[in-house]
Number of protein chains: 2
Amino acid sequence: MKLRDENKINRIYKATLTLVKQNGLAGTTMQAVAKEAKIATGTLYIYFENKESLVISLFNECIKESAAVVFKDYEMSAPFKVGFRTIWLNVLKHKVSHFDQTIFLEQCFHSPFIDDNTRAEAKKLLLPLRELLERGKMEELIKDIDTFWLVSFMIGYANEIAKRITYHKKKLTMETLDINFQICWDGIKA
Amino acid sequence: MKLRDENKINRIYKATLTLVKQNGLAGTTMQAVAKEAKIATGTLYIYFENKESLVISLFNECIKESAAVVFKDYEMSAPFKVGFRTIWLNVLKHKVSHFDQTIFLEQCFHSPFIDDNTRAEAKKLLLPLRELLERGKMEELIKDIDTFWLVSFMIGYANEIAKRITYHKKKLTMETLDINFQICWDGIKA
DNA sequence: TTTATAAATGAATAAAAATTCATTTAACTT
DNA sequence: AAGTTAAATGAATTTTTATTCATTTATAAA
């Protein structure tokens with residue numbers, strides 16, 4: 001009996017991300033995904049019921065992976081600014097190094113595949129970040145404004161930098177990180 | 001002789017924007033566009049050779065409109081911060097009030113329809129903004145870092161706010177504008 | 001009015017993409 | 001080594017979407 005190859009799912013995911021980055025969700029066909037993943041078209045349908053299912057599974061995978069990365073190396077006990085920097089750099093580095101995921105997620109939010117419910121679920125993963133920001137406000141280190149705007153600011157900015165770096169073939173050097181974190185910190189600090 | 005109705009083109013554009021915001025470029029069919037614009041499918045092809053042509057025309061239209069808006073009410077003679085605020089608010093207000101365009105442009109950048117050349121042309125429209133920022137650096141009012149990052153920051157942030165406001169059904173009140181401009185200004189000021 | 005001209009229509013066709021399935025292949029069991 | 005099972009294949013089919021075109025309708029000029 002031939003065993004189902006879990007690794008193949010990753011090949012399919014990878015292929016999908018590559019193609020969506022290149023051509024958008026609009027321009028990505030199942031045939032193309034299969035070809036890119038070096039499998040037959042039919043094989044795709046062994047692993048995923050249909051295109052919608054593939055997109056939704058990959059969406060959840062990306063959300064999960066991205067959430068896992070945010071709090072890497074974060075120490076509750078460290079000073080607020082240190083913790084904030086760690087998290088912001090985690091977000092930025094991840095968005096740059098997995099840029100295809102960044103674009104895929106963006107495309108998903110305006111696709112017929114992802115509904116409001118899925119969107120809402122995805123949002124929940126940012127809860128720990130919101131808590132960190134509440135702490136910063138408590139300690140009077142950052143502006144006392146609706147956390148909503150603070151989150152928008154740090155995530156949105158990281159997103160934009162990731163795009164710019166990729167499109168303009170910039171490198172994510174330590175200098176680049178420092179410059180941008182400085183802007184980010186000055187923006188939110190009290 | 002029946003005259004070609006230029007206004008119909010706007011109806012088609014409007015319909016396309018509405019549908020792309022809802023379903024993405026992926027989920028937007030010519031049939032659906034025609035129906036939304038309340039015309040027959042065939043009529044669409046009188047005005048646009050094919051789907052690609054429709055998308056590219058609309059892309060150029062959006063870019064043009066957005067460029068026209070940026071410098072509204074801007075006075076060269078005003079102090080730098082005043083000018084900067086005017087422009088930033090113009091960008092933000094436009095992105096919020098024409099959110100369908102914001103999304104359409106975003107989708108275009110990852111579609112098979114828009115090529116690198118078109119992208120580069122679009123970028124040129126930000127030139128006056130770059131010049132303003134150079135002036136700010138000269139006057140030592142803002143951070144002396146690559147203009148590239150400053151533009152990323154102000155445009156990217158406006159983009160993100162527009163998304164957040166729309167998705168979370170927030171209103172663009174004067175308070176909201178002030179809060180966010182404060183963050184933006186603190187971020188770039190020297 | 002009548003005629004000429006171009007726009008508008010939408011069903012028909014072509015093209016592209018999604019999905020299926022009969023057949024083959026690979027890996028495990030006895 | 002033979003038998004069994006499930007994965008893999010890719011051509012064939014179905015479904016969806018883009019595009020065409022013969023016909024109708026509206027407008028302007030004669």
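Colleague: How many of the 190 residues of chain A count as buried?

Modeller: 51% of them do, where buried means under 20% relative accessible area, exposed over 50% and partly exposed in between, with a 1.4 Å probe and protein chains only. Keep in mind that this is a predicted model, in which local features need pLDDT of at least 70, side-chain atom pairs count only at pLDDT 80 or more, and totals for chains, interfaces and linings use all residues. Residues are numbered from 1 along each chain as its sequence is written, chains are lettered from A and ligands numbered from 1 in the order in which they are written, and side-chain values use heavy atoms, with hydrogens and water left out.

Colleague: Thanks! How many helices and strands are there in chain A?

Modeller: Chain A has 10 helices and 0 strands. Those are DSSP runs numbered from the N terminus, with H or I and at least four residues for helices, and E and at least two for strands.

Colleague: And what box do the C-alpha atoms of chain A fill?

Modeller: Roughly 60 × 35 × 30 Å, taken along the principal axes. Among contacts in chain A with a separation of 6 or more, 71% come from residues 24 or more positions apart; contact means heavy atoms within 4.5 Å.

Colleague: How many residues of chain A are in contact with chain B?

Modeller: 40 residues of chain A, and they meet 41 residues of chain B. Between them the chains bury about 3600 Å², 66% of it on carbon and sulfur atoms. Buried area here is the accessible area (1.4 Å probe) that two parts lose on being put together, summed over both.

Colleague: Which residues in chain A lose the most area to chain B?

Modeller: His110(A), Trp149(A) and Arg164(A), which together make up 22% of what that side buries.

Colleague: Is helix H6 of chain B buried or exposed?

Modeller: 10 of the 10 residues of H6 (residues 99-108) of chain B are buried, so the helix is largely enclosed by the rest of the structure. Its buried residues include Asp100(B), Glu106(B) and Cys108(B).

Colleague: Last one: which residues does Ile56(B) touch?

Modeller: Leaving aside residues up to four places away in sequence, Ile56(B) touches Phe113(B) and Ile114(B). Ile56(B) lies in helix H4 (residues 51-70) of chain B and counts as partly exposed at 25% relative accessibility. From Ile56(B) to Asp115(B) there are 59 residues in sequence and 9.8 Å in space, C-alpha to C-alpha.
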